[in-house]
Amino acid sequence: MRDPGFDITCARPLSHRFYDRDPRRVARELLGKVLVRKHGRKLLAGRIVEVEAYMGANDPAAHAAAGPTARNLVLFGPPGFAYVYFIYGNHYCLNVSCMSEGKAGCVLFRALEPVAGLAQMFVARGLSMPEREPRLTDLRLLTTGPGRLTQALGITRARDNGKDLTTFSDLTILDDSCCAGRVVTTPRTGITKAADAKLRYVIAGNPFVSGKSEGRSQK
DNA sequence: TTATAGATTGCCT
DNA sequence: GGCAATCTATAAT
């Protein structure tokens, strides 16, 4: 299977300073960046096409709303670190911490456009590999959705929670100077509190954005 | 100690 | 479109 690929030679991790800002700003600017997982000698990577911003005490939908706990401690730590939690008894979700130490805030990764290691992603997701070049409907099952993208990249709480995403370890976010294109904001999905705040950011027209038609028919 | 809701997904009709 | 699966954090006894 052919990987779309990306130019890793000119890609570099984002600095802690990048994440040391309002999550809304970080979320918008994370679109178009590349989430990279080292899997043995292979690279698994996906371009970030959909994220959500979560704030601190003033955001009732945020895990950090009630203050620091054993689970959400990473959110109150320094910016640029992975916050991984387990949800609905089935899925892991990946966030990156924002704001300086002591202040909570994060960005949730909701969908990626797979660019490298697609064959391994099919394996990790427990999907059978398409015989021919995969269709969009097959590819969307890999990394469209917060629970799916963590499974495709093998991200778990035990393995990745608290990891520094600004160093090139086995999990990092790279900037390859790709232009994200037009960004659309919508209400966050799957939450009941503060459900009207437009804190979901997607790349307009990108086919890997979650939802039925968002990003596909709408340009 | 027990109950319940949850930043989801996949399979059912 | 509806709902079960299945763990954990937090609220309620």
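Which residues touch the most other members of the largest nonpolar core?

1. The model is predicted: local features need pLDDT of at least 70, side-chain atom pairs count only at pLDDT 80 or more, and totals for chains, interfaces and linings use all residues. Residues are numbered from 1 along each chain as its sequence is written, chains are lettered from A and ligands numbered from 1 in the order in which they are written, and side-chain values use heavy atoms, with hydrogens and water left out.

2. The largest nonpolar core has 43 residues, and those touching the most other members are Y19, L30, L35, V51, V107, F109 and I173. Such a core is a set of buried Ala, Val, Leu, Ile, Met, Phe, Trp, Tyr and Cys residues joined through side-chain atoms within 4.5 Å; buried means under 20% relative accessible area (1.4 Å probe, protein chains only). Strand β3 (residues 42-54) gives the largest share of this core, 5 residues. Helices (H or I, at least four residues) and strands (E, at least two) are DSSP runs, numbered from the N terminus. Apart from this core lies another, of 14 residues, including Y54, L75, F81 and Y83.

3. In helix α4 (residues 136-143), the buried residues are L139, R140, L142 and T143. Seen down the axis of α4, they fall within an arc of 145° (taken from the directions from the helix axis to the C-beta atoms), so they line one face of the helix. They pack against β6 (106-116), α3 (118-124) and α5 (146-152), contact being heavy atoms within 4.5 Å. Just after α4, G145 has a positive phi of about 125°.

4. T143 belongs to α4 and is buried, with a relative accessible area of 0%. A polar atom of the T143 side chain lies 2.8 Å from the backbone oxygen of L112. Leaving out residues up to four places away in sequence, the contacts of T143 include R110, M121, R148 and A152.

5. DNA strand B is surrounded by 18 residues, of which the closest are Y85, N95, R125, G147 and R148; a residue is near the strand if one of its heavy atoms lies within 4 Å of it. Sugar and phosphate account for 52% of the atoms of DNA strand B that come within 4 Å of the protein.

Note on methods. Buried means under 20% relative accessible area, exposed over 50%, partly exposed in between (1.4 Å probe, protein chains only). A polar contact is a pair of N or O atoms within 3.5 Å; within protein, one must be able to donate a hydrogen and the other to accept it, and residues adjacent in sequence count only if both atoms are side-chain atoms.
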